[in-house]
Every structure is written in C-alpha cells, then in structure tokens.
Amino acid sequence: MTSARATFFHYLGQRKTQLAIGIICAAATALAGVVPPRFIGAIIDALQQGTTFQTVVLLALASVAFSAADAVFRGIARYLLLNTARQAEYQMRNDLFAHLQEMHLAYFQHQRIGDLMARLTNDLTAVRQMLGPALMQGSFTIMTFVFAVLSMLGVSVKLTVISMILMPVASLAFWYVGRKVHIRFERLQAKFGDLSTKAQENFSGIRVVKAFSQEDPEARDFARINREYVGRAIALTSVQGLIWPTMSFVLGLAVLSVLYIGGQDAIRGELTLGQLVQFVAYLYLLSWPVIAIGWISNMFQAGWASLVRLQEIFDAKPAIADPIDAVTSPIKGEVELRGVSFAYGQTIVLDDVTFKVPAGGSLAIVGPTGSGKSTLVNLIPRLFDVQQGEVLIDGINVRRFPLQQLRRSVGYVPQETFLFSVPLRENVGFGLDRALTEAQIDWAGDVSQLNKDVEDFPARYDTMIGERGVTLSGGQKQRTAIARAVAKDPRVLILDDALSAVDTYTEAEILRRLRGVMRERTSIVVAHRISTVKDADEILVLDDGRIAERGAHRDLLERGGLYAQMYRRQLLEEELEVDEEREEHEKRVKHAEEELGFGMRPPLGGRGAEPPDR
Amino acid sequence: MAHHGGGGGGGAATGFFQEDEILGKAYDARLMRRLLGYLRPYRGLVIVALVILLGLSFADVAPPVIAKFIIDNAIAPAVSGQISPDEGFSRLAPFGALYISVLLASSLFRYGQSMLASYVGQNAMYDLRVGLFKHLEGLSLTFFDRNPVGRLMTRITNDIDALTDMVTQGVVAIFGDVFVIIVIAVVLVILDWRLALVTFCSVPILVAMTAYFRRMMRESFRAIRIRLARVNAYLNENISGMAILQLFTRESRSFKDFDALNTDLLQANQGGIRAMALFIPSVNFTRAGTSAAIFIAASYWIVGGQLTIGTLLAFWQLVERFFAPIQDLSEKYNIMQAAMASSERVFRLIDTEPTIVDPPQPRELAHVRGEVRFDNVSFAYNEGDWVLRDVTFTISAGESVAIVGATGAGKTSIISLISRFYDVQKGRILLDGLDLRELRQMDVRRHVGVVLQDPFIFAGTIASNIRLNNMTISDQQVRSAATFVNADKFIERLPQGYETVVTERGSTLSVGQKQLLAFARAIAFNPEILLVLDEATSSVDTETEHLIQDALAKLMVGRTSIIIAHRLSTIQNVDRIIVLHKGRVVEIGTHRDLLAQRGVYHRLYELQYRAHEASASA
C-alpha cells in the first residue's frame, strides 16, 4: 500500500526536469521582480541631486529590462508548472480509469458510482489545483517574500524591523478570524445540508406533497430553512469580510510607518529619498504574498484531503486477477460446478451447488426471485469467485485460465441490459477486436431478431444509441444484448433472464435460431418462463440457493413439485395474456401490410375492439 | 472507437452531463436583465452599495496621492534644505493622520461593501431559490416523471450558488474595477494631464490585447468545457457498465478510447495555459513599459522643473493599480460564464409551465358526498400509448370498491387520476357530478385522501408525519388517528413516542410500520374519499399484517373507498370489485358473483390471491 505522499511525489517526479526548470524560473521571476525598485530609487536620487536626462533614461530602460525578464520568466514558470499539473492530472485520470478497469464487480456494487464519479471529478480537480496553481503561487510567494525581505534589510534594518513587526499581528488576526470563519462555514454547510434534504425530500415525495396539498406549507418551510441559511451566510461574511480589510489596513499601516519614520530618517539625512521610495516599493511587492498565503494553504489542505481520497481508489486491490500459472489450452465448453457455495457477507446465496453441462449441452435454471440464479451464472465468467467449491471449464478450474481467454469464450447476456452510447453496430461488435463484417452483423441481427427493428432506424446499424440517438425499448435493448453476445461466437452462451422484455412470439423465434447456433456450443439459460426453458437438456430448479429439483421438462412435470406449480401458474398467466398476443399479432400483420403498400386504408373495419370516436 | 469515421467524435455521452453542457456566454444581456430583476426589491441597498463602492475606489486611490504630498511638501523640501528639518517633521504629522483616516475609511468601506453585497446577493438569491422551489412544487407529475431528482437538486443548489457568487463577487468586482479605473484616470489627469496622456497611450494596446486574448480564452474555455464533459460522460458510462466491459474483454480498447478523450482534454487545457501564460506576462510587460515611459517623460519634466518627484511616484503607484483589474480578467470571465450557464438552466426550469392548472373560475366544492364517476376516460402518460381505454364506472358515495388486474392493467393510473395528478386525454372524471377540471386542485385533494404504495416518510417526528404541516390537526387528533389505525402501539413503544425523530425515507421504521403511519396520516385529514394503493408489500410480519388488515377494514367504513388491493381479506370486504385488463374495465361485481362468472377475475384470483394466501399461510 502506497501513501498519498508517495503518490504526490510519483506524479510530480515523472516530470522532474520540467518541474525543476519551472521552479527555477519562478525564483528568477522573484529575483528579477525585486530589482526594479532599486533602479527607481536610483532615478529618484539622481533626480534629487540633479542629473542628466540620459542617466534617467538609461536607469529606466534598465528597470524595464528587469521587468521584462520578470514577465518572461513568469510566463515560462506559469506554463511549465501549470502544464506539469495538467499532465499529472491527465496521467492520474488515465491511471485511475485503468485501475478501475481491473476492479471486480463487487467493488462497484459496494462503492457507489456517484461517489466514484465525485472523486474522479471534484477530487481530481482539487489535487490538480494543489499541484498547479497552489504550487506555482506558493513558489512565487515564498521566493518573493525572501528576496524582498533580504532587499529591505539591505536598505534599512530599522525600517525592516518596523514594517515586519506588524506582520505577526496580521498573522495572528488572520489565524483568529480564520478559526471563526471555519466554524461559521461548517454551520453554513450544515444548514445547506438541511436545505438540500428538504428539497430532495419534496422532489422525491412529490406525490405525497401534492396528495395532501402540502405545496404551500412545504414551500414556507423551505423558505424558513433558506432564511436561516441566508442568515448564516451573512454571518460567515461578517467574519470572512474582516480578513481583507484587516490585511490591507495592516499593510497600509506598514507603508505609513515607513513613510513617517523613514521620512524623518531621510530628513535627517540617514536615508536618501530614493532609498525610502525603494523600500516602499518592496512593501508593495510583499502585499500579494501576504494576501495569497492563506489562499494557497487552503488549496494545499483541500488538495491533500482529495489526494487521500483518490489514494483510497488506488489502494483497493482487484479481487479477481489473472493466475500466475495460466492454462492456455483452447476452451471447448464443458461447464461444471462442484460443491459451490457463495455468500454476500452473512447472506448465503448459493449452498453446495453441483452440476455438469457437457460441451454442446444445454442447461436451464429456474427458481423464484432471490434464489441465486444470477449469482450462479456470474461465477462462470468470474464476475465473482466462489468461496467454496470449484467452477470448472473443460475440467479445469476457471481461476487457472487467463481472464481474457475465459471471458472471450463466454457470451453473456445480463439481466439488466447495459448498452453504451455508441452506434448500434459497435454495441453489437462490442466484444470483438476487429470491426464486424456486414455478414456477421446480419447473422447476429437475425439470431437476435434485431434486424427487423433496425430497418426502422434512421441510420440502421449506424444509429446512435442513448440520449443522443434513439431510445430503444426494453425488448430492443435485450435483443441488442443477445446480438452482442452471439457476435462474439462464444463457446459458452449465458442468458440471464435475457428474454423477459421480449414478447413470446419473438422469444420463440429467437430460441429457435439460437438452437441452431448453439448446436455445438454450451448454453446456460436463466429464465422465468417455462416456454424458454422447456427444451433444455437439463433444468435446475433453484430455491434459496439450493438445487431443489433437476431433470428434463417432462420428468419435472411428472414429479409435481415446484416446477410443476410454476408451470400451472404460467398456464393461467398465459390465458390472461392471450388477448395481448392477439393484439400483438394484429399489429404485426398491419405492419407487414403497410410494408407491402396495401395497408394504407383508413382504420375503419377490422378494429371493432377500438372505442367509437367521440 | 475514437476514430470511427466521425460517429460523434468519440461522443460517448450519457445524460450525466447532458444538460450541463449548456456552455454559456460570459455575458448575455437577456439573462442578465432577468437576473438583475431579482435585485430590484433591494435597489435602495444596491444604490448604497454602489456609493460605498465608489467611496472605496476613492479611498483606495488616495494613499499614493497622500504619499505624493508627504514627499513633495515635507520630505523633499526638508532634504533639499528648502525648509528646516523640524518644519519637515511637523508637516509629516497631519499627512500621517490623513493617511491613517483614509486607511480606516478604506477598511470600513470595504467591510461595509462586502456585507452589503452579501446581504443583497443572498437575499435576492433567496427569492430566486424559494421562487424556483415554489414553481417546481406547482409543476405537474408529468414533469417529475421526466426530470430526475438529481438534476432538480443541482439546479436548486449548485446553480443558484453560482448565481450568488456572481452577484456577491462577480458583479461587485466588475463595478469596483470600473470605478477604480475611472477614478484613477480622473486623478491622473488632475495630477498632471501631460503625464496622464503618456499613461493613456497604453490603453489602446491593452484594449487590443484584451480583445485578442478574450477571444482566445473564449474558444479555449469552450473547448475545455466540451471535452471535460465528454471525458466525464465517458467515465460515468464506463464505470456504470464495467461488468459488461470486462465480460466482453473490452478493457484495452476502452482504455485507448478514454486516453484519446483525455488527451484531447489535456491539449485543450494546455491551449488555455498557453493563452494565459502569454496574456499575463504581456499585461505585465505593458505595465513595465508604461512605467518606464512615465519615468522617462516625468524625468524630462522634473529636470525642467515642471513636475515634482512626488507626482512621479504617485503616477507610478496608480499605474500599477490601473493594470490590476486586467490581471484577473480570466477569473471574472469564468465566474460570469458559469453564472450565465446556471441562470439559463434555472430560468429554463422557471419557464416550464405547469400542465395542470386551476380553472379561472373554479366551481365551489362545499360539501362532498363522495361520488366518483369515470365517464369514457382514456388516458396515456405518453401520447398514443394508452394506459386506460374508454373506462366508465360510477362509485356511489360511501361505497367501497377494489380495483384488481394484472401488472400494467392501469390500476395505479386510476388513483393518480382521481387525485388529479394527471389530466385525462378523453372523457371526464366527475366528483359529485362535477368535472375535476372545473375544481381547484386544492379543494379536490382536501377531500381525497391517498395512501401510497411506498409510504413516504418526511424527516421530522412521528407526529409531524401524521399531521404534516397542518397545525389545525391537534395532538389529540394525531393520537386518535394513530389509535384508529392500530399505529398507537408501535408508536408508544418508540423511545420518545410521538415525538420520536424519524430520518429521511423512514429508514428507522419497518415497511409495515410505515404503512400504518401512512394510514394514520390519511385518516387525520378525515377525507370523504379514500384512495389506497396497497400492492404487494413484502416482508411484513404476521402481527403487523393483522393490524394493517384490521385498520384497512375500519378505514373503509363510512367513506367512499377505492382500493388497489393485494390482500384477499380486502377484496372480500369491499362492496364491489372492478376488474381492469389492459386498460379496459372487463368485469364489475361482487367477489362471489365474479368468481361465479369464471372470467378474468377468476383467473386473477387463482393466480394472485389464492397463491398469495397459500404462501402466506404456509
């Protein structure tokens, strides 16, 4: 486990030269910045003593030369240091993403996506601000401070002491006010939390709010909280607003005391007027560092806290990784579970499950919600690893295959369809290294019955999916996911309740085609509908993580157990569904008619079920 | 994928940042006018703030001018022997006093100004935030169906905060800058118009430079924002779909795509850094050049005896300050741009019209008997996608009716329609013979009580969850409502009884307890019509189950009750049952009659109720 400190130096260390040159340039900037006051002092003295115009021009030009050097170095330092931070940010973002790619599924279930996103956006920004602006301004500030104070000492030790006496006073005030600011800021944040809760609660519970006509009272309550929030915000300003006036007042006092005491010195001849002006100029140079120091330290604190949060992501270790002694023999497709048990924390999900599907065979898994079906199939491509027992493919423990090889040979259609907002074609070819050929996509689209839907899409398979493109229906999404899994040409195909949003007619079509495709491959199908599973070689009935029944459709029906009950219920359900089927069928016919060009007549006849137009 | 023939330029973007991609100009007159409208109630204070700001500009410009007099009138003459040292010392004192008072004034003005800005800004944004909240509360459910809570939350928190920042910091800073520039220009001319002219030579250069860099910055900020949105959308999508990514061994290619987007962003950022790394030194350089020109010109005139050293020094200092506002231009630009984008999003919400509004001349609903009639009602959430088709039925006052049907039959929609959460597309719904649309929503909802499927618990106490904000419901009424629905026993067992604090979404209460609480809430408002959405609630223990059943039976007595029932006991107790199938009313009758018909109800009964009862008793 690395520390945040190590990470900090790791990312900065990758650009050591750039960073070093940047800091040297920052030093050069500060150094060049303290020179012009010297020339200005010289000009004043020269003017006091009566001089030639040429001398002044020369001195002024010399001053400009140093200001120019200041500007040039500042530009370079700025570019190098901010760029270092941006590159580090880029690198860190890449590394974080690469790291997350290696993390196992359980990690993402445990860690909320919103929280991860917040770290990858807000925290990364805070870290970048620490590495960039804060580091840059810090370098400028410290070096300007050092060089200015050294220069001041060179002019007058007495005036330096006088002007510096006020600085601790300023720091003390800053520290005191800063503490108050912190407390009031926390109080403000707490109220902000209340305010968010109130809004969130109202938006989520809008039905209750409206049902009980609570809009006005709730708005009044929101206004009350908001009023308190405003009060606290103003209370915060009332202390925060002290900082800047105090600082500028202290600084002004320093200038005044230098003018007053230094003026007396000048009158007494202990100091030239030019030196006095030079000294005041240094004080002005100091004004920015004095103001900036609090701001910089805030950025460092925030950045460090964020870095620690990012470090937590880096520290999480992937639980599922490639084996050391990998087996690379090609996968044929025999799937076996031997005494497999699995638990999420204390909850046992699978309890001593054993089965074997020969290569090319088919297995179906049914059972009530929460019986462990999804977990079971998740074990095969190692989305999870078993805690007890073994998952074997071709007689070899799945943990011994390289992850890539294992997952390449498994086609998986998950319960919850997740498609990416890229064109449909890429979604289907998601698991392939090379772009799909037209023949491949046509084949996958036919098996999954996606082709006929695609006909209606604006750019067919090049249509964008998601908010930027077409929104697919649940069934279309599932069929895309099936096409995606089939296009991989897998040895083992897993459908996890993947036909739930597809109507029974299309389902039958898909199953029929899949049977053709799967003749030489292994298929494992999780489903609720008997129609989906009844033709499988073997059917497992899972109940509470255990195999309650197993066998072929006919055997299970004869047994009259859980499976037979399910079957009976579904017959009833189907009776209820009959109307829908008929309607669905009518739609299909109508669609076909329109396609052929003779369906464009006004909908008068044949739609007696429609209510008469009012 | 990043180079797939321009299919959106690697445009992997979900809704994550979609609406937030409104980029915003740095200044939009229309939006600005509208925003400033929120300052109108505080215009007196705004004027005071502006006066103070002007005073502050004078106070900030004064010290270098006083320093000029200190040098010209006290130090320089004493050094050069024109006056005695003692005369020099004595002349120093009044200037010192003046200097201190100016410093004090400046500090006070600055403090007063920030307090005023905060007061006005916070209050104006209070108005906007509360206004937005009220507006949202008035919008119809259709709106809430389409807008995720997260998005609304961002509007009411972050976006309003960005606007507050603009009002309290951005606008003040801009006015302050303008004032300072004007005051300095005037002071320069008064001090010495010739030297002022030399100074002003830099202005065209500055203006040209600023214009040039502003364009660069605008392009650069735009590119950065777009690319950042893409990077974050890609991240969000890929993290959400990580399992698929891994199952389809897509890691390396997806990393390559991400790297391409990330590199794009880096390049845009580097462009921005380059622009700023050129801009800031350029401004500094111009400033240095201007100072040098002043020194040279001033020296010429000083040598000629036409100018004093003090004036030169005052010019030198003032020119430094003259340039300061330009230095942090990009920061202000950012604040303004963010605020403009936020205001556009907020105003867009405010401009969303509620689709369900009260009629201009609502019918009075004085005494409600409680008759509910659906007259040829057809309804769709989305145009053309009918959920209810031609539904007609009448429920007489005091009658209890259960609505049954398979999932998706349209049961919930009926409840929503009677509460007028939505308006029907065809037909009408009558309450005591009056069309719902002729009544005030509030009047309807006062007489219609609803118990929703997922009982919503507000942060507060048990009692406040029963009476909500209705203070006319006394503690006694709260208690009797709870007792009536059998909720009193569990409430009294809680540590603080009715004053027990319940947390957001009621996580400290069980599902059954929440349901009882929702019953109590409904009964406390004593509605003439009660709607209960009672679909399958899982994990209610047997004891609570009995309490709920008993409470439901008591609730139905003496008032029109429409219940989406999942409990056999409920459907056996009601007067009539309406069977919905695919949005149509297919059967109406009593439990006994309908069973005898052996139609849809019979099958539903076999499927849902009998099976449920069987598994519950097992």
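This is a predicted model: local features need pLDDT of at least 70, side-chain atom pairs count only at pLDDT 80 or more; totals for chains, interfaces and linings use all residues.
Local features are given where pLDDT is at least 70 and side-chain atom pairs only at pLDDT 80 or more, while totals for chains, interfaces and linings use all residues. Residues are numbered from 1 along each chain as its sequence is written, and chains are lettered from A, with ligands numbered from 1, in the order in which they are written.

**View 1. Domains 1 and 2 of chain A.** Chain A is divided into domain 1 (1-155 + 292-318), domain 2 (157-270), domain 3 (335-409 + 490-595) and domain 4 (417-488); such bounds come from an automatic or database domain assignment. Taken over C-alpha atoms, the centres of domain 1 and domain 2 of chain A are separated by 26 Å. Their contact takes 5 residues from domain 1 of chain A and 5 residues from domain 2 of chain A, where contact requires C-beta atoms, placed from the backbone, within 7 Å. On the domain 1 side, helix H6 (residues 113-155) of chain A gives the most, with 4 residues. That side divides into 4 nonpolar, 1 polar and no charged residues. Here Ala, Val, Leu, Ile, Met, Phe, Trp, Tyr, Cys and Pro count as nonpolar, Asp, Glu, Lys and Arg as charged, and the others, Gly among them, as polar.

**View 2. Helix H6 of chain A.** Helices (H or I, at least four residues) and strands (E, at least two) are DSSP runs, numbered from the N terminus. The 43 residues of H6(A) should span 63 Å at 1.5 Å a residue, and the end C-alpha atoms are 60 Å apart, which agrees. The expected span is 1.5 Å times one less than the number of residues. H6(A) bends by about 35° at A:Gln129, and the proline A:Pro133 follows within four residues. The bend at a residue is the angle between axes fitted to the seven residues ending there and the seven starting there.

View 3. Helix H9 (residues 215-268) of chain A has 54 residues and reaches 78 Å from its first C-alpha to its last, close to the expected 80 Å. A kink of about 25° in H9(A) is centred on A:Ser238. After H9(A) comes A:Gly269, with a positive phi near 85°. The contact between the chains takes 116 residues from chain A and 119 residues from chain B. H9(A) gives the most to the chain A side, with 30 residues. By class, that side has 63 nonpolar, 29 polar and 24 charged residues.

**View 4. Two nonpolar cores.** A nonpolar core is a set of buried Ala, Val, Leu, Ile, Met, Phe, Trp, Tyr and Cys residues joined through C-beta atoms within 7 Å. A residue is buried if 20 or more other C-beta atoms lie within 10 Å of its own, exposed if 12 or fewer, and partly exposed in between. The largest core has 236 residues, and those with the most contacts inside it are A:Ile43, B:Ile75, B:Phe315, B:Phe519 and B:Ala520. Leaving aside neighbours within four places in sequence, B:Ala520 is in contact with B:Ile466, B:Ala481, B:Ala482, B:Val485 and B:Ala487. A second, separate core of 95 residues includes A:Phe401, A:Ala487, B:Leu247 and B:Leu261.

**View 5. Surroundings of B:Thr210.** B:Thr210 lies in helix H7 (residues 202-240) of chain B. This residue counts as partly exposed because it has 16 C-beta neighbours inside 10 Å. Not counting residues up to four places away in sequence, B:Thr210 touches B:Ile326 and B:Leu329. The C-alpha atoms of B:Thr210 and B:Ser282, 72 residues apart along the chain, are separated by 10.0 Å.

**View 6. Surroundings of B:Phe144.** B:Phe144 lies in helix H4 (residues 141-146) of chain B. With 18 other C-beta atoms within 10 Å, B:Phe144 is partly exposed. Beyond residues up to four places away in sequence, B:Phe144 touches A:Phe203 and A:Ile206.

View 7. Most residues other than glycine have a negative phi. B:Asn376, not a glycine, has a positive phi of about 50° and is placed in strand E1 (residues 372-380) of chain B. B:Asn376 counts as partly exposed, with 15 C-beta neighbours inside 10 Å. Phi of B:Arg598 is near 55°, also positive in a residue other than glycine. B:Arg598 is in the loop between helix H20 (591-597) and helix H21 (600-617) of chain B, and is exposed, with 10 other C-beta atoms within 10 Å.

Terms used. Two residues are in contact if their C-beta atoms, placed from the backbone, lie within 7 Å.
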